[in-house]
Amino acid sequence: MDPHSTHSRHSQYNNQQRRPKYGPSLQNIRQMEVKTTNVFEHFRKDSTSSLPTSTSLTSKVSKENVSRPIASNSRVRRDEKYKRDMYLAFIDNALTQKARGVNEHYDDLVRQFDPVSSYTKPQQQTPMIHQFELRSYITALTHVVSKLDRDHRTLVDAIVGMPWMTMDSAFVKAYVSFIGMLVSARPEYLTLVLEKAAQNLTYHSARRILDTGIAESSSAPLTRRVVYDRVHSLIFHLLELIPTLPSTLYPLLVRNFPHKRQREAEHVTYIRNLLRLSDYCYELWDRILGLIVDRTIQIDVEIQVELEDLEAEGAGEEAEEVFHLDPFDSLIGQEGDEDSDSDSDSDTEEQALSDISSDAGTDIEDKHEEELDTKHVRDMVAKLDSILEVIFKHLDRMYKQSTTTVEKAQEISSEESQSSEAGPLLTVPDTTHTHSMMDSHFNSLLTIFERTILRTFKSRYTQFLVFWYSSLDNQFRDHFLGTVISAALLEPSQPVVTRAAAASYVASYVSRASFVARDEAQMVVNVLCQFLETHLDEFDLYEKQRTQSIQKTSGMEPSSIVTQQSSEQHTVFYAVAQAVFLIFCFRWRDLMQREETDGEIDELGGSFTVPSRAWIPQLNVIQRAVNSTLNPLKVCSPNVVQQFARVAQHVGFIYCFSILEANRRSDSKDLHGNIPAISSITTKQSFDADLTTFFPFDPYRLPRSSSYIESIYREWSSVAIDDSDEEDEDDGDEEEDYTDEETDLPKTSSEGDLYMHGPSSFADETSGLGESFGGMSISPAPLRPIA
């Protein structure tokens, strides 16, 4: 053992340097002296004369940034650290001086984030240098974010309001980080930040960048897609930091929603951004979709009201074919003429109106106003079409993503079953979560339907969102049918108007949806016929009791008793009867118990019987209903009744023209004493109390969004009966006389569709209006103004 081992182990504590065994000895060892520099030493004095201003600071940094010799990495890092410390020192001094009442440096700092003042002297610095300086300021402010209290609101306002989305990627990254730290340290600024973020999702937010000159000075082409992507990245970052953010964000989104009179591009842009936001902020999905549907249905209703007023306008004009560009891909710097053009057009219109002579220009003024109204309606239709297309695309994309996940899971499961047990296990996607997402989306849409769409009359196209989504899955279809049937038949507490509208939805859905199967159509008709039978039984019992009461009580007017029932309690009965009539016209082939044979149609004394057809037994109540005192053939929509009579006669189900002729003759006679009191009262009061029912799934004729409906929609031409070969000539003459002479119904044929909501010329001028049965509505002719 070395006797010096102990000493060797502790030799590190010796003050003397040990001599090495090999090599030269080390002599004159010197240690480098480290000098520390305090960057705040320059600001210790109270005198501000020696303080550098932001202008000198900017010029100094800019000069070093532009012309700098090649240096090593260590020198570059040292220079960058020096600059950061210099910016930090300036900001710290500005905040300190403001606390003492000296605002010179603070105001100079605020002006750095003003985009207008920043570009007033472009010859002094290039945009790239300016962005570097702003990024340096933002980075320095991140270190003092806790000091930015309410006394520094002007500085925060300037930072939040600057056009940061147009800067380079490095600045955007620093800005998003700063905003996240700001709202985390100072929650009082959260509403300010979110309000500006919501404004930046609008169409005009990108246009306001033009006023700053930043868009034109950008080194790369700046599109709306880039701008909106950056705004969404900011909102997503804040959502990760603040879980309660949706409750603050949603009212701001509602506030910035475009008005229904604003242009198509403004609605499409904002709605697309809202739907994208709902992808990563799922808590707001149902409320955002409800907001979009609510605003869409306002446009839809206004279109229908104005179409009624412009019924004869533009029926023969052809729609202009316009190539639609995606506004997200347009360059911001090339959009400066749109608003100016629209403003000049409006000025020209106002000038033209002002030049009209008050004495001889009345006709010209009326014609000009009609042209403006027609153009306005066409613009509204195009706007509605684009909005629905955006919603359809979003829902379709979400559905395809979910189905792709399910198919991938099925493929992986099949591969695992075919692989050996020793093989590696594959990760199977969670299909349970995928199905739950689809169910959640449909439930949200169905809730919106019950809350808004079902209770809104005169809407024409918005309800097709539910129509399309329910076609994606059998469970969705069953759920929707169960909802509307329950609202119509099983919820007496519902308003009568809502129940009648629900019955119309049932009729139009089963008639028009090509994905509703035969057994489902029979099930719906069975439920509706059971309701009719129950109502007839109750009415017969009531009429019997009324007769006995009249006999016992002298002096009581029978009509007063009848009126109490006929005003509201029979409304749902007529709506359900009308629903059965409509479904029969479209689906009579599916309402037979067995397939049709080669039997001949026999004509005996004006009645038609077809022994080869056997109908489902529940349809027997229709014979009883049309012959009852309630007389639904007189109360229901004449268009529906007329077509039902034709189809029912042709297929040998029931003959109704004798009743229709009696109803026609009764209208021309004095109703007092000539016909039963109940018939006259129900005729006058059934739908006069604004209990409007309609057929909501009339033919869909919006050109851009119709591609989602065409493949799942049943046109009348596919089910219409060609009765030119077998229909009796005399009966055809009788029917023609009834249709043309005594009613205002248009002639029907087997081509096209008929629109009773209003003229469809503004949606599709070539569809052949008034040529056939197709789309029917019993909306009242007089229109009330929409509040």
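Reply: Begin with burial: a residue counts as buried when its relative accessible area is under 20% and as exposed when that area is over 50%. Keep in mind that this is a predicted model. Of the 787 residues of the protein, 48% count as buried.

Me: How many helices and strands are there in the protein?

Reply: The protein has 30 helices and two strands. As for contacts with a separation of 6 or more, 78% of those in the protein are between residues 24 or more positions apart.

Me: How do I read an aromatic pair?

Reply: A pair of aromatic rings is described by two quantities, the distance of the centres and the angle of the planes. Here the count comes to 38 aromatic pairs. Take F257 and Y270: their ring centres are 5.5 Å apart and their planes stand at 85°, so this pair is edge-to-face. The angle decides the class, because planes over 60 degrees apart count as edge-to-face.

Me: Which parts does the pair of F257 and Y270 tie together?

Reply: F257 lies in the loop between α13 (245-255) and α14 (264-280), while Y270 lies in helix α14, so the pair ties together parts that are 13 residues apart in sequence.

Me: Are F257 and Y270 buried or exposed?

Reply: F257 has 7% relative accessibility and therefore counts as buried. Y270 is at 0%, so Y270 counts as buried. A further aromatic pair is W468 with Y469, which is edge-to-face at 5.9 Å centre to centre with 80° between the planes. W468, at 5% relative accessibility, counts as buried, and Y469 counts as buried at 2%.

Me: Which rings are linked into a cluster?

Reply: Ring pairs join F449, Y461, F464, F467, F480, Y505, Y509, F515, F697, Y700 and Y713 into a cluster.

Me: What does F464 touch, apart from residues up to four places away in sequence?

Reply: With those left out, F464 touches F392, P696, F697, D698, Y700, I709 and Y713. For D698, compare the two separations: F464 and D698 are 234 residues apart in sequence and 9.8 Å apart in space, C-alpha to C-alpha.

Me: What about a charge over a ring?

Reply: Look for the ring face and the distance from the ring centre. K98 lies over the face of Y106, at 4.5 Å from the ring centre. In another case, R287 lies over the face of Y250, and the distance from the ring centre is 5.0 Å.

Me: Where does R150 lie, and is R150 buried or exposed?

Reply: R150 lies in the loop between α6 (127-142) and α7 (153-161). At 58% relative accessibility, R150 counts as exposed. Leaving aside neighbours within four places in sequence, R150 is in contact with E188 and Y189. From R150 to Y189 there are 39 residues in sequence and 9.0 Å in space, C-alpha to C-alpha.

Me: Now a helix pair. At what angle do the axes of α21 and α24 cross?

Reply: The axes of helix α21 (residues 496-512) and helix α24 (residues 571-587) come within 8 Å and cross at roughly 5°. That makes α21 roughly parallel to α24, because angles under 35 degrees count as roughly parallel.

Me: Which residues of α21 and α24 meet?

Reply: On the α21 side they are V496, R499, A500, A503, V506, A507, S508, V510, S511 and R512; on the α24 side they are T571, V572, A575, V576, A579, L582, I583, F586 and R587. By class, the contact of α21 with α24 has 13 nonpolar, three polar and three charged residues.

Me: Last, the backbone. What is phi of K458?

Reply: Phi of K458 is near 75°, a positive value in a residue other than glycine. K458 is found in the loop between α18 (431-453) and α19, and K458 counts as buried at 13% relative accessibility. N631 also has a positive phi, of about 55°, and is not a glycine. The loop between α25 (620-626) and α26 (632-635) holds N631, which is buried with a relative accessible area of 8%.

Note on methods. Residues are numbered from 1 along each chain as its sequence is written. This is a predicted model: local features need pLDDT of at least 70, side-chain atom pairs count only at pLDDT 80 or more; totals for chains, interfaces and linings use all residues. Side-chain values use heavy atoms; hydrogens and water are left out. Axes are lines fitted to C-alpha atoms, for helices over the stretch in contact, and angles run from 0 to 180 degrees between N-to-C directions. Helices (H or I, at least four residues) and strands (E, at least two) are DSSP runs, numbered from the N terminus. Angles under 35 degrees count as roughly parallel, over 145 as roughly antiparallel, 65 to 115 as roughly perpendicular and the rest as oblique. Contact means heavy atoms within 4.5 Å. Ala, Val, Leu, Ile, Met, Phe, Trp, Tyr, Cys and Pro count as nonpolar, Asp, Glu, Lys and Arg as charged, and the others, Gly among them, as polar. Rings of Phe, Tyr and Trp (its six-membered ring) pair if their centres lie within 6.5 Å; planes under 30 degrees apart count as stacked, over 60 as edge-to-face and the rest as tilted. Buried means under 20% relative accessible area, exposed over 50%, partly exposed in between (1.4 Å probe, protein chains only). A charge sits over a ring if NZ of Lys or CZ of Arg is within 6 Å of the ring centre and within 35 degrees of the ring normal.
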